[in-house]
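This briefing sets out selected features of the structure shown below. The points are grouped by topic for a reader who has the sequence and coordinates at hand.

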Amino acid sequence: VWNNCLSFIKDNIQEQAYKTWFEPIVAISLSEDNALHIQVPSKFFYEWLEEHYVIILKTALTKELGNQAKLVYKIKMENTYGNKLPFTEQIPSTHRSSVKTQEIDVPVVNKNPELKNPFIIPGIRNVKIESQLNANYSFDNFLEGDSNRLSRSAGMAVANKPGGTSFNPLLIFGGVGLGKTHLAHAIGVEIKDKFPEKTVLYISAEIFTQQYIESVKKNTRNDFIHFYQLIDVLIIDDVQFLSGKAGTQDVFFHIFNYLHQNGKQVILTSDKAPVDMQDIEQRLLSRFKWGLSAELHQPDYETRISILRNILYRDGVEMPEEILEYVAKHIKSNVRELEGAIISLIAQSSFNKREVNLELAKQVVEKFVKNIKREISIDYIQKVVSDYFQLDTETLKSKTRKRHIVQARQLAMYFSKKFTKASLANIGAQIGDRDHATVLHAVKTVDNLVSTDKQFKKFVEDINKKLSI
Ligand code: ADP
Ligand code: MG
């Protein structure tokens with residue numbers, strides 16, 4: 001009976017899955033009331049079967065044994081030292097399936113209290129895979145415009161056929177607040193909806209890195225890899241975070257290859273195109289380019305308006321058209337800020353119980369535009385300036401009086417004054433213990449040079465562009 005079930009299952013699922021999940025099963029007996037007893041290697045294994053293959057199991061069993069068919073799992077146990085213990089324990093299948101289980105008392109031979117919870121497999125292998133998807137980020141509320149049409153439709157294509165398009169991996173890239181995370185979730189949510197049996201996992205590259213480091217510490221690196229190999233659709237957000245992290249890149253490389261070879265879908269997001277990613281291994285970058293890299297651009301005016309309208313509609317709020325237009329006109333480069341501004345306006349109008357007027361809109365927008373600037377830190381400015389001149393920040397902060405380094409240093413001070421609220425003294429302190437007079441002098445020098453030196457003016461404009469969102 002079991003062999004017939006197996007061949008039916010084999011014909012209906014992927015070979016790899018069959019090997020992993022069905023070959024290790026041992027059929028034990030068939031009792032008079034049509035209950036088939038099978039032995040599985042672990043509790044995790046049992047849960048996995050129930051979670052993912054219950055329908056096919058049920059179908060196979062019903063075909064063989066009729067509607068009265070029942071399935072009883074026995075779990076082969078190992079003690080914590082890995083020695084096989086001579087007993088099995090039954091777990092009634094409590095699943096929603098109508099493959100009913102039967103409870104038989106099995107004498108539990110070993111009552112060692114230390115083995116009270118024998119289901120804990122070291123490492124993370126027994127963690128139930130929750131997709132970590134945010135259902136609020138759907139395709140429905142990811143508004144389409146020229147800026148995102150390509151990425152959005154590539155995302156749709158992947159969602160319709162995960163692992164089955166040439167968009168593997170699908171890499172979505174673009175600046176801050178342009179919808180990368182939203183779109184990545186939307187793809188996952190759509191896949192879960194269309195293919196509920198697929199295991200989808202959304203994870204940020206940062207958490208992935210933390211998990212990996214943890215696994216190395218706990219000596220469970222293999223479990224870590226194994227866990228990721230069980231996934232059908234892996235979504236990793238902000239892969240630029242992996243830059244400079246060789247160990248994590250290495251492990252990700254292996255996981256990626258495994259998934260890709262087995263027809264699993266990988267979706268990545270990044271704030272840069274692969275060509276611009278720094279400190280990422282070449283072999284990994286070349287993998288990123290295998291599929292499709294789709295860019296999210298800044299939304300055009302029309303799209304900004306529809307995003308605003310959508311929020312008002314969602315919250316059941318009305319607002320004069322000229323307010324929408326004002327907000328959409330002034331906040332261009334970041335959908336998150338756009339949302340923030342309109343939500344703030346909605347809040348203020350309900351708080352003050354008055355209609356939003358243009359005056360209020362101006363105040364709010366101003367605050368948001370300033371906020372964007374305030375988010376730039378002195379560190380960040382120093383990094384951007386150093387990168388621009390191909391120096392490292394240590395050199396920038398050093399005592400060197402070489403002309404081009406002095407200029408770069410002065411530019412860093414100038415932009416720190418321009419883009420942050422830090423005092424002159426503070427700016428000086430953060431660039432190698434200089435005093436406020438030095439900073440003031442730097443600001444004046446830059447102002448002068450901009451009006452007299454064409455080349456220098458170009459430097460200022462370039463850096464300004466890099467720093468302005
Ligand atoms: P990123 O990950 O690129 O920094 P997010 O995905 O977090 O950006 O998007 C920022 C905010 O903007 C989110 O609240 C998201 O829902 C919203 N957003 C971005 N693009 C769109 C869009 N096309 N339609 C609707 N909302 C969007
Ligand atoms: Mg994001």
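This is a predicted model: local features need pLDDT of at least 70, side-chain atom pairs count only at pLDDT 80 or more; totals for chains, interfaces and linings use all residues.

In the contact between H1 and H4, the residues Asn-4, Cys-5, Phe-8, Ile-9 and Asn-12 of H1 meet Ile-56, Ala-60, Leu-61, Lys-63 and Glu-64 of H4. By class, this contact of H1 with H4 comprises 6 nonpolar, 2 polar and 2 charged residues.

**H1 and H4**

- Helix H1 spans residues 2-12 and helix H4 spans residues 54-65; the two pack at an angle of about 140 degrees, and their axes are 9 Å apart.
- H1 is therefore oblique to H4, since an angle counts as roughly antiparallel when it is over 145 degrees.
- The crossing of H1 and H4 is right-handed.

**H5 and H6**

- Helix H5 (residues 149-160) packs against H6 at an angle of about 25 degrees, with 9 Å between their axes.
- This angle makes H5 roughly parallel to H6, because angles under 35 degrees fall in that class.
- H5 and H6 cross with a right-handed sense.
- On the H5 side, Ser-151, Arg-152, Gly-155, Val-158 and Ala-159 take part, and they meet Leu-183, Ala-186, Ile-187, Glu-190, Ile-191 and Lys-194 of H6.
- The contact of H5 with H6 contains 6 nonpolar, 2 polar and 3 charged residues.

**H11 and H12**

- Helix H11 (residues 301-315) and helix H12 (residues 321-330) pack at an angle of about 125 degrees, and their axes are 9 Å apart.
- H11 is accordingly oblique to H12.
- The handedness of the crossing of H11 and H12 is right-handed.
- Tyr-301, Arg-304, Ile-305, Leu-308 and Arg-309 of H11 meet Leu-324, Val-327 and Ala-328 of H12.
- The contact of H11 with H12 holds 6 nonpolar and 2 charged residues, with no polar residue.

**Backbone features in loops**

- The peptide bond from Asn-168 to Pro-169 is cis, and its omega is near 5 degrees.
- Pro-169 is located in the loop between H5 and strand E5 (170-174).
- Gln-132 has phi near 65 degrees, which is a positive value in a residue other than glycine.
- The loop that holds Gln-132 runs between strand E4 (84-91) and H5.

How values were computed
Residues are numbered from 1 along each chain as its sequence is written. Chains are lettered from A and ligands numbered from 1 in the order in which they are written. Axes are lines fitted to C-alpha atoms, for helices over the stretch in contact, and angles run from 0 to 180 degrees between N-to-C directions. Helices (H or I, at least four residues) and strands (E, at least two) are DSSP runs, numbered from the N terminus. Angles under 35 degrees count as roughly parallel, over 145 as roughly antiparallel, 65 to 115 as roughly perpendicular and the rest as oblique. A crossing is left-handed if the near helix is turned anticlockwise from the far one by less than a right angle, and right-handed if clockwise. Two residues are in contact if their C-beta atoms, placed from the backbone, lie within 7 Å. Ala, Val, Leu, Ile, Met, Phe, Trp, Tyr, Cys and Pro count as nonpolar, Asp, Glu, Lys and Arg as charged, and the others, Gly among them, as polar.
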